[in-house]
Amino acid sequence: MSSVAIVTDSNSGITQAGGRELGIHVLPMPFMINEETYYEDIDLTQEQFYEKLSAGANIGTSQPSPESVTKLWDSLLNDYDEIVHIPMSSGLSGSCQSAMILAEDYQGKVQVVNNQRISVTQRQSCLDAKLLAARGKNAKEIKEFLEADKFNSSIYIMLDTLYYLKKGGRITPAAAAIGTMLRLKPVLQIQGDKLDAFAKARTTNQGKSIMFNAIKSDIEARFGGMTEDKHIWLQIAHTANLEAAEAYKEEILSQFPGYDIHIDALSLSVACHIGPGALAFACCKKMAI
């Protein structure tokens with residue numbers, strides 16, 4: 001049986017400390033902030049990021065350098081036979097495609113997974129990969145499972161402000177002005193490789209209801225419904241909004257009692273495009289035992 005290392009990036013929400021605890025190797029995502037390079041969870045904390053964001057800093061995202069990727073792979077292949085590399089969705093970043101090109105030089109020892117997930121759903125893919133490796137699956141088998149499983153997840157994100165979408169050119173200034181005047185809170189969805197508009201809420205409570213009902217509908221229509229064995233993972237993510245995330249968890253538990261709901265901060269690569277105050281609700285179908 002070959003030994004398999006699991007690698008992801010910090011878009012998964014797994015911190016460096018969390019990665020060490022879980023046995024998952026985490027590439028930090030780089031950021032250009034006022035023309036200086038920072039690395040998530042290395043020399044840029046969540047708190048520092050939001051301070052710079054609120055101060056109006058010019059923030060841009062980037063991919064891990066080829067050298068940082070191959071250096072990690074080469075180091076791991078001294079101790080492991082194979083690697084499963086799980087980057088963020090190929091629809092949201094070029095880092096997945098870049099890793100695939102780099103992996104061509106590794107004679108199949110590095111398998112790059114394109115299962116189009118991000119944040120808490122990407123984290124769950126890493127945990128599933130660890131479990132599959134423990135069950136004796138090789139890197140290629142793990143990659144094939146995760147890519148076949150990619151649509152067994154959903155994530156919805158409610159924004160608190162339209163400012164950062166306007167700043168990034170993702171909506172027009174006129175649309176942002178109208179939305180701000182009406183106090184709209186857009187709800188976005190990630191299904192497959194795209195981040196799309198899903199609904200518009202007038203209040204935070206309405207937005208939370210929209211996300212809850214959307215997840216409930218996905219579970220009923222796509223994942224076999226709620227069952228006694230609780231075969232669905234439920235997750236909440238947020239951008240500098242932990243108190244609201246914890247309150248939302250209690251609301252969800254009142255409808256889904258007994259479920260283990262994981263809360264995580266959204267990665268900074270997402271946060272720089274949507275700003276603070278966002279709240280997300282996600283689910284993943286558990287692997288069949």
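What follows is a set of exercises on this predicted model.

**Exercise 1.** Work out how helix H3 and helix H4 pack, and which residues make the contact.

Solution. 
- Start with the elements: H3 covers residues 66-76 and H4 covers residues 95-103.
- Next, the geometry: their axes are 11 Å apart and the packing angle is about 55°.
- As for handedness, H3 crosses H4 in the right-handed sense.
- Now list the contact: H3 supplies Pro66, Val69, Thr70 and Trp73, while H4 supplies Ala99, Leu102 and Ala103.
- Sort these by class and you get 6 nonpolar, 1 polar and no charged residues.

**Exercise 2.** Zoom in on Leu102: which residues does Leu102 touch, leaving out those up to four places away in sequence?

Solution. 
- With a contact cut-off of 4.5 Å between heavy atoms, Leu102 touches Pro66, Val69, Thr70 and Trp73.
- Tie this back to Exercise 1: Pro66, Val69, Thr70 and Trp73 are the residues that H3 brings to its contact with H4.
- For a sequence-versus-space check, take Leu102 and Glu67: they are 35 residues apart in sequence, yet their C-alpha atoms are 9.8 Å apart.

**Exercise 3.** Find the angle at which helix H5 and helix H6 cross, then classify the contact residues.

Solution. 
- H5 spans residues 119-134 and H6 spans residues 139-148.
- Their axes come within 10 Å and cross at roughly 140°.
- Only angles over 145 degrees count as roughly antiparallel, so H5 and H6 end up oblique to each other.
- The crossing of H5 over H6 is right-handed.
- On the H5 side you'll find Ser125, Asp128, Ala129, Leu132 and Ala133; on the H6 side, Ile142, Phe145 and Leu146.
- The tally is 6 nonpolar, 1 polar and 1 charged.

**Exercise 4.** Describe the second largest pocket: what is its volume, and which residues lie nearest its centre?

Solution. 
- Volume first: the second largest pocket holds about 190 Å³ of space.
- Its lining has 14 residues, with Gly13, Thr15, Glu40, Asp41 and Gln46 nearest the centre.
- Split by class, the lining comes to 4 nonpolar, 7 polar and 3 charged residues.

Methods: Residues are numbered from 1 along each chain as its sequence is written. This is a predicted model: local features need pLDDT of at least 70, side-chain atom pairs count only at pLDDT 80 or more; totals for chains, interfaces and linings use all residues. Side-chain values use heavy atoms; hydrogens and water are left out. Axes are lines fitted to C-alpha atoms, for helices over the stretch in contact, and angles run from 0 to 180 degrees between N-to-C directions. Helices (H or I, at least four residues) and strands (E, at least two) are DSSP runs, numbered from the N terminus. A crossing is left-handed if the near helix is turned anticlockwise from the far one by less than a right angle, and right-handed if clockwise. Ala, Val, Leu, Ile, Met, Phe, Trp, Tyr, Cys and Pro count as nonpolar, Asp, Glu, Lys and Arg as charged, and the others, Gly among them, as polar. On a 1 Å grid over the protein atoms alone, a cavity is a set of points where a 1.4 Å probe fits but cannot get out, and a pocket is an open set with protein on both sides within 12 Å along at least five of seven lines; lining residues have an atom within 4 Å of a point. Grid points are joined across faces, edges and corners, and a volume is the space filled by probe spheres set on the points. Angles under 35 degrees count as roughly parallel, over 145 as roughly antiparallel, 65 to 115 as roughly perpendicular and the rest as oblique.
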